[in-house]
Amino acid sequence: MGRIGKKFEELRANKEKALIVYLTAGDPSLAATRELVLSLEKSGVNIVEIGVPFSDPTADGPVIQAASQRALKAGTTLRGVLELVAEIRRTSQIPILLFGYFNPIFAYGAEKFSQAAKDAGVDGILVVDLPPEEAGELRIFTDAAGIDFIALVAPTTGRDRLKTIVQDATGFLYYISITGVTGAAAPKVEDISREVGKIRKMTKLPIAVGFGISCADQARAIARIADGVVIGSAVVRRIDENRANSDCIQTVCAYVREIKEALS
Amino acid sequence: MKTLPDQNGHFDVFGGRYAAETLMPALLELEEAYAKTQKDKTFAEEFDRYRREYAGRPTPLYYAERMTRMLGGAKIYLKREDLNHTGSHKINNTLGQALLARRMGRKKVIAETGAGQHGVATATVAALFGMECKIFMGEEDIRRQAPNVFRMKILGAEVVPVKSGTATLKDAMNEAMRYWVSSVRDTFYIIGTTAGPHPYPMMVRNFQSVIGREVKKQTVKAEGRNPDVLVACVGGGSNAMGLFYPFRHEKKVEMFGVEAAGRGMNTNEHSASINGGKIGILHGNKTYLLQDENGQVRDAYSIAAGLDYPGVGPEHAYFAQSGRAAYVTVTDEEAIGAFLFLSRQEGIIPALESSHAIAHAMKIAPKMKKSQILVVCLSGRGDKDARTIMETLQG
């Protein structure tokens, strides 16, 4: 079992829920992302999802689109993100998940990427545009490298499809709380509760819920249902709004602590 | 040649369904609904009736006598897709998809558009079938294709300006996909070209294949045989695939797909993804893609908004790799030359997209024998480009 699985076990034993935070790597710089990750860990974040910026993020809303553009303008590459992970690993054992689109990985080379990601200390990957139908070409290498391949379940995913997804899942299952892009509308707790219940019946893997969660109240409600809550756009927006301020990291961490408290 | 795509939408290594999970159930449902219509005689009859009585098919295959004489080589025929209702081949596909949407009970449709031809064709069928219609279009394209924007609005569609990226076709498609992710339960996405996730490349190809099927019949009638050479422009590649596909087993028929070289293949300002790109994944399929060494998609450029796209349909990628078709390039300047040539020699104002195909025909026809037959797909008419041309000429 990797760092992700162990983290969920540890949290489960303490009756805690996982707080997973998404950051776009390289926004505003890779050095800043590193500092943010280390500070977030101290603020109670259990798993970080590091976004690999892509030119055409079709599953992302305006906040993460803009962050990706800024990161790319700042010269962020997948190679640079892997170096960032290796840097973080020197001082931290926080589980790290890379989140992104397939083309940068494909251009890097699926096999080469998997080895490099493992060496850097990446624990899992979530590739938005690789549904089970197409995931094979990457998974032969990431599975071999012991990297968790985090599967997405959407509100539109039907029963039979869910079965297939669950069968092949590792690490945890990521339930997309809204029919939409990242950071869009506020999710409906009753709907999530029902859908997460369906997934529970099929798997023992932890279930995290993300897309559209932005405040402590939502996080609290969802933590009653799921094993983890993912906060993305809300954090990225705060980083952007406070980028010029010397207390940017403190502001972001204060927000994250507020969410963390809501989970306990 | 095998029958492609395979059941997962792959054309050898190309194609596929690289789509977000939220869309996967909709893509599978679409595939199933489409397969059902293929076995349904009433669908074929309905589709055929609309093509005939509404779109005006079959379109003529016109022997361009003056053009032939001036170039002094092969006998040149123009497949007059510009004479379709709405002014381009795009209606062949939007009629098919709208009929499918209607069978699936969808009352809302969305589409991306570059030149606005697909947007107009979608707005048209939405009006025809009483569907709510949103068209995503890049701001730069809204500027350079204003007449088509007016037409879409007149037809009752909402034109949604897209500001991201270079504000052209790629960005419009990104935004349409994002909107679709949010509205997938009740909205049908009418993709305009042989790209996107499976089943779109196959479905659009099949809807557009009427072009090639008619050409086959028409050349046999006019000349007693198949043409020797087919030429069509390729952005995403729907008019080209529509022309090529019915001839794929005819080994003697040579095919040329013409990509936009923009300001030249030695610059970064072109849209030639087969000639200047590498294999990658964008908009749901694996294909040739303009991209940098880190897998970031590069902005395409062409004077023709409908060719201004950094990818290409996966079946074209397959045809290129297997050698079934050759893919060549034509610059902005050559396309403008062809635009004026056809306007003044034949009295036909071609779309700037189609002018790329005309330009390549002008290069190869003089080297061919007078007994040979060359068919160019004149995919659309050029009224929409009048402003671009006048600005360029006054430059």
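I'll start with one residue. B:E21 is buried, because its relative accessible area is 3% and the cut-off for buried is under 20%. Keep in mind that this is a predicted model.

Where does B:E21 sit in chain B? The residue is in the loop that runs between strand 2 (14-18) and helix 1 (24-38) of chain B.

What is B:E21 in contact with, once neighbours within four places in sequence are set aside? The list is made of chain A residues: A:V128, A:P131, A:P132, A:L152, A:V153, A:A154, A:T156, A:T157, A:R161 and A:I165. Two of these, A:L152 and A:V153, bring us to strand 6 of chain A, which covers 151-153.

So, on to the sheet in chain A. This is an open sheet of nine strands, paired in parallel, with the order 5-4-3-2-1-9-8-7-6. Strand 5 (148-149) and strand 6 (151-153) are at its edges; each has a single partner strand, so one side of each has no neighbour in the sheet. At the strand 5 end, the pairing with strand 4 (residues 124-127) of chain A is parallel and consists of two bridges. In one of the pairings, A:G124 has A:D148 of strand 5 as its bridge partner.

Now chain B as a whole. Chain B contains 16 helices and 14 strands. The C-alpha trace spans about 55 × 50 × 40 Å along the principal axes. Buried residues account for 66% of the 395 residues in the chain. If we take contacts in chain B between residues at least 6 apart in sequence, 74% of them join residues at least 24 apart.

Last, one strand of chain B. How many residues of strand 6 (residues 132-138) of chain B are buried? Six of the seven are, so this strand is largely enclosed by the rest of the structure. Strand 6 of chain B pairs with strand 5 (residues 108-113) of chain B in the parallel sense, over six bridges. Within that pair, B:F136 of strand 6 has B:E112 opposite.

That's everything I have.

Definitions and conventions
Residues numbered from 1 in each chain as written. Chains lettered and ligands numbered in written order. Predicted model: local features only at pLDDT ≥ 70, side-chain atom pairs only at ≥ 80, totals over all residues. Heavy atoms only, no water. Helix = DSSP H or I, 4+ residues; strand = E, 2+ residues; numbered from the N terminus. Buried < 20%, exposed > 50% of the residue type's maximum accessible area, 1.4 Å probe, protein only. Contact = heavy atoms within 4.5 Å. Pairing = 2+ DSSP bridges.
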